[in-house]
Amino acid sequence: MATRHRAAFAAALCVLPSSLALGACATNDSSSHAAALVRGDALYVGDPATNSVPYVDAETGEYLGLFVKRNSGGLHGPMGLVFARPSPAVRGDLLVANQHTDRPYAGEINEYDGRDGDFVDELVTRRDEGGPFAPRGIVVGPDGVLYVADVGGPSGRVATFDSTTGEHLGDLSTAGLTAELRPRGVVFGPDGELYVSNSPDLTGAGIRGQVLRFDPESGFEAVVVDCADATCDLHRPEGLVFGPDGRLYVTSFPDRANLDDVDRIVVYEIDGTLVDTIPLWAPRQLRASAQALIFGPEGCLFVGMSGFAFSGQVRRYDVTSGEFEVFVPAGGRIESAWYMTFGRTDPATLAYPGSSSTSDCELE
(Lines give C-alpha, C1' and ligand atoms only; values in the text may rest on other atoms or scores of the structure.)
Protein backbone atom coordinates (compact mmCIF):
# COMPACT_ATOMS: atom_id res chain seq x y z
CA MET A 1 0.00 0.00 0.00
CA ALA A 2 1.47 3.32 -1.04
CA THR A 3 0.21 6.11 1.22
CA ARG A 4 1.72 9.54 0.66
CA HIS A 5 1.40 12.67 2.75
CA ARG A 6 1.69 15.87 0.75
CA ALA A 7 2.74 19.38 1.64
CA ALA A 8 -0.21 20.92 -0.18
CA PHE A 9 -2.48 21.06 2.88
CA ALA A 10 -1.08 24.45 3.84
CA ALA A 11 -2.27 25.86 0.53
CA ALA A 12 -5.88 25.25 1.56
CA LEU A 13 -5.59 27.20 4.79
CA CYS A 14 -5.30 30.54 2.98
CA VAL A 15 -8.83 30.20 1.62
CA LEU A 16 -10.71 30.05 4.91
CA PRO A 17 -13.30 32.82 5.24
CA SER A 18 -11.12 34.86 7.63
CA SER A 19 -8.46 35.33 4.99
CA LEU A 20 -10.51 35.10 1.82
CA ALA A 21 -9.62 37.69 -0.79
CA LEU A 22 -12.69 39.55 -2.04
CA GLY A 23 -11.77 38.97 -5.64
CA ALA A 24 -11.71 35.22 -5.19
CA CYS A 25 -15.47 35.03 -4.76
CA ALA A 26 -16.48 37.73 -7.19
CA THR A 27 -19.71 36.86 -8.95
CA ASN A 28 -20.62 37.43 -12.54
CA ASP A 29 -24.37 37.79 -12.43
CA SER A 30 -24.45 39.21 -15.95
CA SER A 31 -22.93 36.06 -17.42
CA SER A 32 -25.66 33.97 -18.96
CA HIS A 33 -25.46 30.23 -19.16
CA ALA A 34 -25.18 30.45 -22.93
CA ALA A 35 -22.24 32.85 -22.66
CA ALA A 36 -20.48 30.48 -20.27
CA LEU A 37 -20.79 27.64 -22.75
CA VAL A 38 -19.50 29.81 -25.58
CA ARG A 39 -16.32 30.30 -23.58
CA GLY A 40 -16.03 26.59 -22.92
CA ASP A 41 -17.62 24.41 -20.28
CA ALA A 42 -18.93 24.81 -16.75
CA LEU A 43 -18.79 22.76 -13.56
CA TYR A 44 -22.20 22.26 -11.89
CA VAL A 45 -22.21 21.60 -8.16
CA GLY A 46 -25.00 20.17 -6.04
CA ASP A 47 -25.20 22.28 -2.86
CA PRO A 48 -27.50 20.77 -0.19
CA ALA A 49 -26.77 23.70 2.14
CA THR A 50 -28.55 26.11 -0.23
CA ASN A 51 -30.75 23.55 -2.05
CA SER A 52 -29.47 24.79 -5.38
CA VAL A 53 -27.04 23.94 -8.19
CA PRO A 54 -24.46 26.72 -8.62
CA TYR A 55 -22.04 26.60 -11.53
CA VAL A 56 -18.54 27.88 -12.20
CA ASP A 57 -16.33 28.31 -15.23
CA ALA A 58 -14.68 24.95 -15.97
CA GLU A 59 -11.32 26.55 -16.71
CA THR A 60 -11.02 29.31 -14.12
CA GLY A 61 -13.46 28.37 -11.34
CA GLU A 62 -15.14 31.78 -11.67
CA TYR A 63 -18.57 31.76 -10.05
CA LEU A 64 -21.28 32.13 -12.72
CA GLY A 65 -24.44 32.05 -10.61
CA LEU A 66 -27.15 29.54 -9.76
CA PHE A 67 -27.98 27.26 -12.66
CA VAL A 68 -30.79 25.72 -10.60
CA LYS A 69 -32.24 28.31 -8.25
CA ARG A 70 -32.81 27.66 -4.56
CA ASN A 71 -35.62 25.20 -3.88
CA SER A 72 -36.61 25.16 -7.55
CA GLY A 73 -39.04 22.30 -8.13
CA GLY A 74 -39.00 21.52 -4.42
CA LEU A 75 -35.27 20.85 -4.45
CA HIS A 76 -34.18 20.01 -0.92
CA GLY A 77 -30.99 18.02 -0.65
CA PRO A 78 -29.55 17.71 -4.20
CA MET A 79 -27.35 14.66 -4.60
CA GLY A 80 -26.32 12.98 -7.86
CA LEU A 81 -26.64 15.03 -11.03
CA VAL A 82 -25.97 14.33 -14.70
CA PHE A 83 -26.96 15.86 -18.02
CA ALA A 84 -28.90 13.27 -19.99
CA ARG A 85 -27.86 12.99 -23.64
CA PRO A 86 -30.36 12.15 -26.39
CA SER A 87 -27.27 11.53 -28.54
CA PRO A 88 -23.51 11.77 -27.92
CA ALA A 89 -23.40 15.20 -29.54
CA VAL A 90 -26.46 16.69 -27.82
CA ARG A 91 -26.70 17.62 -24.17
CA GLY A 92 -30.14 17.09 -22.71
CA ASP A 93 -31.79 18.17 -19.47
CA LEU A 94 -30.15 18.06 -16.06
CA LEU A 95 -31.36 15.22 -13.84
CA VAL A 96 -30.90 15.74 -10.10
CA ALA A 97 -31.46 13.26 -7.29
CA ASN A 98 -33.57 15.18 -4.79
CA GLN A 99 -33.15 13.42 -1.46
CA HIS A 100 -35.66 15.64 0.35
CA THR A 101 -33.56 15.83 3.50
CA ASP A 102 -36.44 17.65 5.18
CA ARG A 103 -38.71 14.67 4.53
CA PRO A 104 -36.70 11.46 5.00
CA TYR A 105 -37.57 8.59 2.67
CA ALA A 106 -39.45 10.75 0.19
CA GLY A 107 -36.96 11.11 -2.64
CA GLU A 108 -37.41 12.26 -6.22
CA ILE A 109 -35.53 12.64 -9.45
CA ASN A 110 -36.05 16.19 -10.74
CA GLU A 111 -35.58 17.33 -14.32
CA TYR A 112 -34.29 20.81 -15.22
CA ASP A 113 -33.92 22.45 -18.61
CA GLY A 114 -30.37 21.88 -19.84
CA ARG A 115 -30.24 25.37 -21.38
CA ASP A 116 -31.31 27.60 -18.50
CA GLY A 117 -31.82 25.39 -15.42
CA ASP A 118 -35.56 26.03 -15.18
CA PHE A 119 -37.60 23.30 -13.51
CA VAL A 120 -39.25 20.96 -16.00
CA ASP A 121 -40.88 18.19 -14.01
CA GLU A 122 -40.53 15.57 -11.31
CA LEU A 123 -39.29 12.75 -13.50
CA VAL A 124 -39.69 10.18 -10.69
CA THR A 125 -41.34 10.74 -7.31
CA ARG A 126 -41.79 8.62 -4.22
CA ARG A 127 -45.48 8.49 -5.12
CA ASP A 128 -44.65 6.67 -8.35
CA GLU A 129 -44.36 2.92 -8.51
CA GLY A 130 -40.82 2.02 -7.48
CA GLY A 131 -39.99 5.65 -6.62
CA PRO A 132 -36.83 6.29 -4.58
CA PHE A 133 -36.67 6.64 -0.79
CA ALA A 134 -33.27 8.34 -0.43
CA PRO A 135 -31.53 8.70 -3.81
CA ARG A 136 -27.79 9.48 -3.94
CA GLY A 137 -25.63 8.91 -7.02
CA ILE A 138 -27.22 8.59 -10.46
CA VAL A 139 -26.02 7.73 -13.97
CA VAL A 140 -27.76 7.31 -17.32
CA GLY A 141 -26.54 4.25 -19.21
CA PRO A 142 -25.87 4.08 -22.95
CA ASP A 143 -29.29 2.45 -23.33
CA GLY A 144 -31.07 5.45 -21.78
CA VAL A 145 -31.73 3.69 -18.48
CA LEU A 146 -31.40 5.81 -15.34
CA TYR A 147 -29.63 3.98 -12.51
CA VAL A 148 -30.25 5.33 -9.01
CA ALA A 149 -28.33 4.42 -5.86
CA ASP A 150 -31.17 4.44 -3.34
CA VAL A 151 -29.89 4.22 0.23
CA GLY A 152 -33.47 3.31 0.97
CA GLY A 153 -35.76 2.99 3.92
CA PRO A 154 -36.26 -0.65 4.96
CA SER A 155 -33.51 -1.70 2.55
CA GLY A 156 -31.29 -0.18 -0.09
CA ARG A 157 -31.33 -0.94 -3.80
CA VAL A 158 -30.07 0.08 -7.20
CA ALA A 159 -33.25 1.14 -8.98
CA THR A 160 -33.65 1.59 -12.72
CA PHE A 161 -35.98 3.95 -14.58
CA ASP A 162 -36.59 5.10 -18.12
CA SER A 163 -34.63 8.38 -18.24
CA THR A 164 -37.24 9.95 -20.53
CA THR A 165 -40.55 8.85 -19.03
CA GLY A 166 -39.53 8.01 -15.46
CA GLU A 167 -41.13 4.55 -15.69
CA HIS A 168 -39.75 2.15 -13.08
CA LEU A 169 -38.00 -0.68 -14.91
CA GLY A 170 -37.08 -2.71 -11.84
CA ASP A 171 -34.30 -3.03 -9.27
CA LEU A 172 -31.03 -4.80 -9.92
CA SER A 173 -30.88 -8.25 -8.38
CA THR A 174 -28.75 -8.63 -5.25
CA ALA A 175 -28.75 -12.44 -5.30
CA GLY A 176 -25.41 -13.64 -3.91
CA LEU A 177 -24.61 -10.44 -2.01
CA THR A 178 -24.25 -11.31 1.67
CA ALA A 179 -23.76 -7.79 3.03
CA GLU A 180 -26.60 -5.31 3.37
CA LEU A 181 -26.94 -3.05 0.34
CA ARG A 182 -26.81 0.65 1.20
CA PRO A 183 -25.52 2.13 -2.07
CA ARG A 184 -24.12 5.65 -2.38
CA GLY A 185 -22.37 6.23 -5.73
CA VAL A 186 -22.77 4.54 -9.13
CA VAL A 187 -20.66 4.64 -12.28
CA PHE A 188 -20.19 2.58 -15.43
CA GLY A 189 -16.69 1.16 -15.79
CA PRO A 190 -14.62 0.77 -18.96
CA ASP A 191 -15.78 -2.86 -19.03
CA GLY A 192 -19.43 -1.83 -19.36
CA GLU A 193 -20.28 -3.01 -15.85
CA LEU A 194 -21.89 -0.89 -13.14
CA TYR A 195 -19.76 -0.15 -10.07
CA VAL A 196 -21.45 0.81 -6.81
CA SER A 197 -20.03 2.14 -3.55
CA ASN A 198 -21.68 0.49 -0.57
CA SER A 199 -21.71 1.41 3.13
CA PRO A 200 -23.49 -1.59 4.63
CA ASP A 201 -22.71 -0.84 8.26
CA LEU A 202 -22.36 2.73 9.50
CA THR A 203 -21.81 1.66 13.11
CA GLY A 204 -18.26 0.49 12.44
CA ALA A 205 -19.01 -2.90 13.95
CA GLY A 206 -19.15 -4.81 10.67
CA ILE A 207 -18.13 -4.26 7.06
CA ARG A 208 -16.93 -0.70 6.76
CA GLY A 209 -16.95 -0.13 3.01
CA GLN A 210 -17.31 -1.95 -0.28
CA VAL A 211 -17.21 -1.47 -4.01
CA LEU A 212 -19.62 -3.80 -5.78
CA ARG A 213 -19.86 -4.77 -9.45
CA PHE A 214 -23.22 -5.29 -11.13
CA ASP A 215 -24.17 -6.48 -14.55
CA PRO A 216 -26.58 -3.72 -15.65
CA GLU A 217 -29.07 -6.34 -16.77
CA SER A 218 -28.68 -9.40 -14.52
CA GLY A 219 -27.59 -7.72 -11.28
CA PHE A 220 -24.93 -8.37 -8.63
CA GLU A 221 -21.76 -10.05 -9.82
CA ALA A 222 -18.93 -9.52 -7.33
CA VAL A 223 -17.50 -7.64 -4.38
CA VAL A 224 -14.55 -5.80 -5.91
CA VAL A 225 -13.34 -4.14 -2.69
CA ASP A 226 -14.26 -5.42 0.76
CA CYS A 227 -13.07 -3.35 3.71
CA ALA A 228 -14.01 -5.37 6.77
CA ASP A 229 -11.96 -3.85 9.59
CA ALA A 230 -9.84 -0.88 10.66
CA THR A 231 -6.74 -2.09 8.81
CA CYS A 232 -8.12 -1.08 5.41
CA ASP A 233 -8.69 2.40 4.00
CA LEU A 234 -12.22 2.39 2.58
CA HIS A 235 -14.59 3.69 5.24
CA ARG A 236 -18.14 4.77 4.36
CA PRO A 237 -17.40 5.33 0.64
CA GLU A 238 -19.60 7.61 -1.47
CA GLY A 239 -18.40 9.02 -4.79
CA LEU A 240 -16.51 6.84 -7.24
CA VAL A 241 -15.18 7.50 -10.74
CA PHE A 242 -12.81 5.88 -13.18
CA GLY A 243 -9.90 8.03 -14.26
CA PRO A 244 -8.41 8.33 -17.74
CA ASP A 245 -5.81 5.83 -16.46
CA GLY A 246 -8.54 3.19 -16.03
CA ARG A 247 -8.19 3.20 -12.26
CA LEU A 248 -11.05 3.59 -9.80
CA TYR A 249 -11.04 6.59 -7.43
CA VAL A 250 -13.31 6.42 -4.36
CA THR A 251 -13.95 8.91 -1.54
CA SER A 252 -13.48 7.60 1.99
CA PHE A 253 -14.22 9.02 5.44
CA PRO A 254 -11.88 8.52 8.41
CA ASP A 255 -12.02 5.57 10.77
CA ARG A 256 -14.11 6.89 13.65
CA ALA A 257 -11.94 5.07 16.21
CA ASN A 258 -8.64 6.47 14.92
CA LEU A 259 -8.01 10.16 15.63
CA ASP A 260 -5.01 10.11 13.27
CA ASP A 261 -7.02 8.83 10.31
CA VAL A 262 -8.09 11.27 7.58
CA ASP A 263 -10.57 11.72 4.74
CA ARG A 264 -8.97 10.40 1.61
CA ILE A 265 -9.31 9.31 -1.99
CA VAL A 266 -8.55 5.61 -2.34
CA VAL A 267 -7.27 4.41 -5.72
CA TYR A 268 -7.76 0.88 -7.07
CA GLU A 269 -7.18 -1.08 -10.21
CA ILE A 270 -10.42 -2.22 -11.78
CA ASP A 271 -9.99 -5.62 -10.13
CA GLY A 272 -9.87 -4.05 -6.66
CA THR A 273 -6.10 -4.07 -6.18
CA LEU A 274 -5.12 -1.14 -3.97
CA VAL A 275 -2.82 1.30 -5.80
CA ASP A 276 -2.60 4.42 -3.66
CA THR A 277 -4.37 6.73 -1.24
CA ILE A 278 -4.50 10.50 -1.52
CA PRO A 279 -5.11 12.13 1.88
CA LEU A 280 -7.27 15.26 1.88
CA TRP A 281 -5.78 16.64 5.09
CA ALA A 282 -3.04 15.83 7.58
CA PRO A 283 -3.67 14.12 10.96
CA ARG A 284 -4.73 16.49 13.74
CA GLN A 285 -5.20 19.36 11.27
CA LEU A 286 -8.42 21.01 10.08
CA ARG A 287 -10.63 18.33 8.58
CA ALA A 288 -11.58 18.36 4.88
CA SER A 289 -14.59 16.16 4.20
CA ALA A 290 -15.38 15.01 0.65
CA GLN A 291 -18.46 13.15 -0.55
CA ALA A 292 -17.99 13.09 -4.30
CA LEU A 293 -15.47 13.66 -7.06
CA ILE A 294 -15.24 13.83 -10.84
CA PHE A 295 -12.56 14.00 -13.52
CA GLY A 296 -12.55 17.06 -15.73
CA PRO A 297 -10.50 18.77 -18.42
CA GLU A 298 -6.89 17.68 -18.93
CA GLY A 299 -7.27 14.64 -16.70
CA CYS A 300 -7.50 16.63 -13.44
CA LEU A 301 -9.58 15.26 -10.57
CA PHE A 302 -12.08 17.71 -9.04
CA VAL A 303 -13.01 17.06 -5.41
CA GLY A 304 -15.79 18.95 -3.62
CA MET A 305 -15.66 19.60 0.12
CA SER A 306 -18.93 19.04 1.94
CA GLY A 307 -18.22 19.82 5.56
CA PHE A 308 -16.05 21.28 8.29
CA ALA A 309 -13.51 24.08 7.73
CA PHE A 310 -13.30 23.74 3.95
CA SER A 311 -16.99 23.27 3.17
CA GLY A 312 -17.85 24.61 -0.29
CA GLN A 313 -14.30 24.40 -1.54
CA VAL A 314 -13.56 22.56 -4.78
CA ARG A 315 -10.03 21.28 -5.29
CA ARG A 316 -8.32 20.34 -8.54
CA TYR A 317 -5.91 17.42 -8.07
CA ASP A 318 -3.03 16.14 -10.11
CA VAL A 319 -3.47 12.50 -9.13
CA THR A 320 -0.02 11.59 -10.48
CA SER A 321 1.72 13.76 -7.89
CA GLY A 322 -1.11 13.96 -5.35
CA GLU A 323 -0.81 17.76 -5.24
CA PHE A 324 -3.83 20.04 -5.55
CA GLU A 325 -4.82 23.63 -6.04
CA VAL A 326 -7.93 25.41 -4.80
CA PHE A 327 -10.25 25.72 -7.78
CA VAL A 328 -13.20 27.22 -5.88
CA PRO A 329 -12.45 28.71 -2.44
CA ALA A 330 -14.35 27.97 0.73
CA GLY A 331 -16.43 30.75 2.23
CA GLY A 332 -17.90 31.85 -1.10
CA ARG A 333 -21.24 31.39 -2.81
CA ILE A 334 -21.04 27.57 -2.66
CA GLU A 335 -21.66 26.48 0.91
CA SER A 336 -21.33 22.71 0.56
CA ALA A 337 -19.99 20.94 -2.53
CA TRP A 338 -21.38 17.45 -3.06
CA TYR A 339 -22.00 15.67 -6.36
CA MET A 340 -20.72 17.50 -9.44
CA THR A 341 -20.85 17.28 -13.21
CA PHE A 342 -19.41 19.18 -16.13
CA GLY A 343 -21.63 20.01 -19.06
CA ARG A 344 -19.63 17.59 -21.19
CA THR A 345 -19.39 14.78 -18.65
CA ASP A 346 -20.51 11.40 -19.97
CA PRO A 347 -23.69 10.58 -17.98
CA ALA A 348 -22.80 6.86 -17.78
CA THR A 349 -19.06 6.69 -17.21
CA LEU A 350 -18.74 10.23 -15.76
CA ALA A 351 -15.65 10.59 -17.96
CA TYR A 352 -14.65 13.90 -19.52
CA PRO A 353 -14.21 13.77 -23.31
CA GLY A 354 -10.73 14.30 -24.68
CA SER A 355 -8.94 13.43 -21.43
CA SER A 356 -6.76 10.44 -22.22
CA SER A 357 -4.22 10.61 -19.40
CA THR A 358 -4.03 11.80 -15.81
CA SER A 359 -0.49 13.00 -16.52
CA ASP A 360 -1.93 15.80 -18.70
CA CYS A 361 -3.13 17.66 -15.59
CA GLU A 362 -1.12 20.83 -15.02
CA LEU A 363 -1.72 22.87 -11.88
CA GLU A 364 -1.07 26.60 -11.87
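Me: Strands (E, at least two residues) and helices (H or I, at least four) are DSSP runs, numbered from the N terminus. Where is proline 48 found?

Reply: Proline 48 sits in the loop between strand 1 (42–45) and strand 2 (53–57). The model is a predicted one, in which local features need pLDDT of at least 70 and side-chain atom pairs count only at pLDDT 80 or more, while totals for chains, interfaces and linings use all residues. Residues are numbered from 1 along each chain as its sequence is written, and side-chain values use heavy atoms, with hydrogens and water left out.

Me: How many helices and strands does the protein chain have?

Reply: The chain comes to two helices and 24 strands.

Me: Why is proline 48 called buried?

Reply: Buried means under 20% relative accessible area, exposed means over 50%, and partly exposed lies in between (1.4 Å probe, protein chains only). Proline 48 has a relative accessible area of 19%, so the residue counts as buried. Across the protein chain, buried residues make up 59% of the 364 residues.

Me: What is proline 48 in contact with, leaving aside its neighbours within four places in sequence?

Reply: Contact means heavy atoms within 4.5 Å. By that test proline 48 touches Gly77, Pro78, Ser336 and Trp338. Proline 48 and tyrosine 339 are 291 residues apart in sequence, yet their C-alpha atoms are 9.7 Å apart. For the protein chain, 51% of the contacts between residues at least 6 apart in sequence join residues at least 24 apart.

Me: What makes aspartate 318 buried?

Reply: Its relative accessible area is 13%, and the limit is under 20%, so aspartate 318 is buried. Aspartate 318 lies in strand 22 (residues 314–318). Beyond neighbours within four places in sequence, aspartate 318 has contacts with Glu323, Thr358, Cys361 and Leu363. From aspartate 318 to aspartate 360 there are 42 residues in sequence and 8.7 Å in space, C-alpha to C-alpha.

Me: Which residues gather in a patch of negative charge on the surface?

Reply: Glu59, Glu298, Asp360, Glu362 and Glu364 do. Asp and Glu count as negative and Lys and Arg as positive, with His and the chain ends not counted. A charge patch takes residues with over 30% relative accessible area and no salt bridge, joining like charges within 9 Å. The place of a charge is CG of Asp, CD of Glu, NZ of Lys or CZ of Arg.

Me: How do you know whether glutamate 362 is buried or exposed?

Reply: The relative accessible area of glutamate 362 is 62%; this is over 50%, so the residue is exposed. Glutamate 362 is in the segment after strand 24 (340–342).

Me: Why do the side chains of arginine 115 and aspartate 113 count as a salt bridge?

Reply: A salt bridge is a side-chain nitrogen of Lys or Arg within 4 Å of a carboxyl oxygen of Asp or Glu. Arginine 115 and aspartate 113 meet at 2.8 Å, N to O, so the pair qualifies. Arginine 115 is exposed at 66% relative accessibility, whereas aspartate 113 is buried at 12%.

Me: What links arginine 157 and aspartate 171?

Reply: These two form a salt bridge, with the closest N and O atoms 2.9 Å apart. The pair joins distant parts of the chain, 14 residues apart: arginine 157 is in strand 10 (residues 157–162) and aspartate 171 is in strand 11 (residues 168–171). Arginine 157 is buried at 12%, and aspartate 171 is partly exposed at 39%.

Me: How many salt bridges does a search of the whole structure find?

Reply: The search finds 14. One of the pairs is arginine 182 with glutamate 180, at 2.8 Å, N to O. Arginine 182 is buried at 16%, while glutamate 180 is partly exposed at 39%. Arg136, Arg184 and Glu238 are linked in a network of salt bridges.

Me: What is the phi of asparagine 51?

Reply: Phi there is positive, about 55°, although asparagine 51 is not a glycine. Most residues other than glycine have a negative phi. Asparagine 51 lies in the loop between strand 1 and strand 2 and is buried, because its relative accessible area of 9% is under 20%. Leucine 350 also has a positive phi, near 60°. Leucine 350 lies in the segment after strand 24 and is buried at 11%.

Technical notes:
Patch = residues over 30% accessible without salt bridge, like charges linked within 9 Å, V, L, I, M, F, W, Y side chains within 5 Å. Areas by Shrake-Rupley, 256 points an atom, 1.4 Å probe, with all protein chains shown as cover.
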